[in-house]
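Here are some notes to read with the model open beside you. Take the points in order, and turn the view as you go.

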Amino acid sequence: MSEAQGETTGHRAPTAPADRTGTGHTLNTLMWAVLIPVVATVAGFLAQYPYGMLWLGVVTVLGAAAAAAVVAGGIWHRAGAATLAACATVALALSAGPALYELYVKRAGDRVDALVAGTGKRTNHKGTELDVCRVVDTSGKVRDLSEQQNCHGQFTPKQHVVLFVDPLDALDPWVEATDERAVDGAGLGITAGLFAVTGSALLYAGLRRRPGR
């Protein structure tokens, strides 16, 4: 009996390696929950630039939304979370672009005095009427600004305005009635909320993923 016990004691079964599946799932989930909203935010800001960057931003955000849908819905099998994540990704880019545009040019841009030479409307390819402003800065440079640059029909001809000019001269200037550098907190708040919604939807889908069927 003692011999059998000694044999059992001396030849214990090897300990199984720790199961790292849970840790791997968590890290993978966190990666997607951070990557998708970050890409959407960057894409929204890129779309504010001219020279074809709009289309690059659009393609990037559509790719991010598709990735969110495939990962959360096709791989993790959480259809509801996948739909929410994909929609929030697109909405995040639409909100982040103008909000970050304003934040950047107002905080980092150069202030230039200008005069409103005229205002009017233009019709885009969809038939929608949009406000436009023509301004002349102190150097004599004439600029045509759109609603993207904060021209929403609030200015009148011969009105003094302030332009916040991109120091890299890549973005069009942002126009304001005063030289106040305060930004619209609502836009940044909406952007932050959509960032959280996108990340949370992916986080939920990844942590509550269902096995493949």
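1. Let's start with the sulfurs. This is a predicted model, and it holds one disulfide. The bond joins cysteine 133 to cysteine 151, with an S to S distance of 1.8 Å. The link is right-handed, with 75° about the S-S bond. Cysteine 133 sits in strand β2 (residues 129–137) and cysteine 151 in the loop between β3 (142–146) and β4, so the bond ties together parts that are 18 residues apart in sequence.

2. Strand β4 (residues 160–165) is mostly covered, with five of its six residues buried. Strand β1 (residues 110–123) pairs with β4 in the antiparallel sense over six bridges; there, leucine 115 has histidine 160 of β4 as its bridge partner. β4 also pairs with strand β5 (residues 174–176), again antiparallel, over three bridges.

3. Now the charges: the structure holds six salt bridges. One of them joins glutamate 176 to lysine 106, with the closest N and O atoms 2.7 Å apart. This pair links distant parts of the chain, since glutamate 176 is in strand β5 and lysine 106 in helix α4 (residues 79–108), 70 residues apart. Are these two partners buried or exposed? Glutamate 176 counts as buried because its relative accessibility is 18%, under the 20% cut-off. Lysine 106 is buried too, at 3%. Glu102 joins Lys106 and Glu176 in a network of salt bridges.

4. Another salt bridge is worth a look: the side chains of aspartate 179 and arginine 111 meet at 3.7 Å, N to O. Here too the pair links distant parts of the chain, with aspartate 179 in the loop between β5 and α5 and arginine 111 in strand β1, 68 residues apart. Aspartate 179 is partly exposed, at 43% relative accessible area, and arginine 111 is partly exposed at 48%.

5. Arginine 143 forms a salt bridge with aspartate 137, the closest N and O atoms being 3.6 Å apart. Arginine 143 counts as buried at 14% relative accessibility, and aspartate 137 is buried at 8%.

6. Finally, please visit threonine 198 in helix α5 (residues 185–207). Threonine 198 is buried, with a relative accessible area of 0%. Which residues does threonine 198 touch, leaving aside those up to four places away in sequence? They are Ile36, Pro37, Ala85, Ala88, Thr89 and Leu92.

Methods
Residues numbered from 1 in each chain as written. Predicted model: local features only at pLDDT ≥ 70, side-chain atom pairs only at ≥ 80, totals over all residues. Heavy atoms only, no water. Helix = DSSP H or I, 4+ residues; strand = E, 2+ residues; numbered from the N terminus. Buried < 20%, exposed > 50% of the residue type's maximum accessible area, 1.4 Å probe, protein only. Contact = heavy atoms within 4.5 Å. Pairing = 2+ DSSP bridges. Disulfide = S-S within 2.5 Å. Salt bridge = Lys/Arg side-chain N within 4 Å of Asp/Glu carboxyl O.
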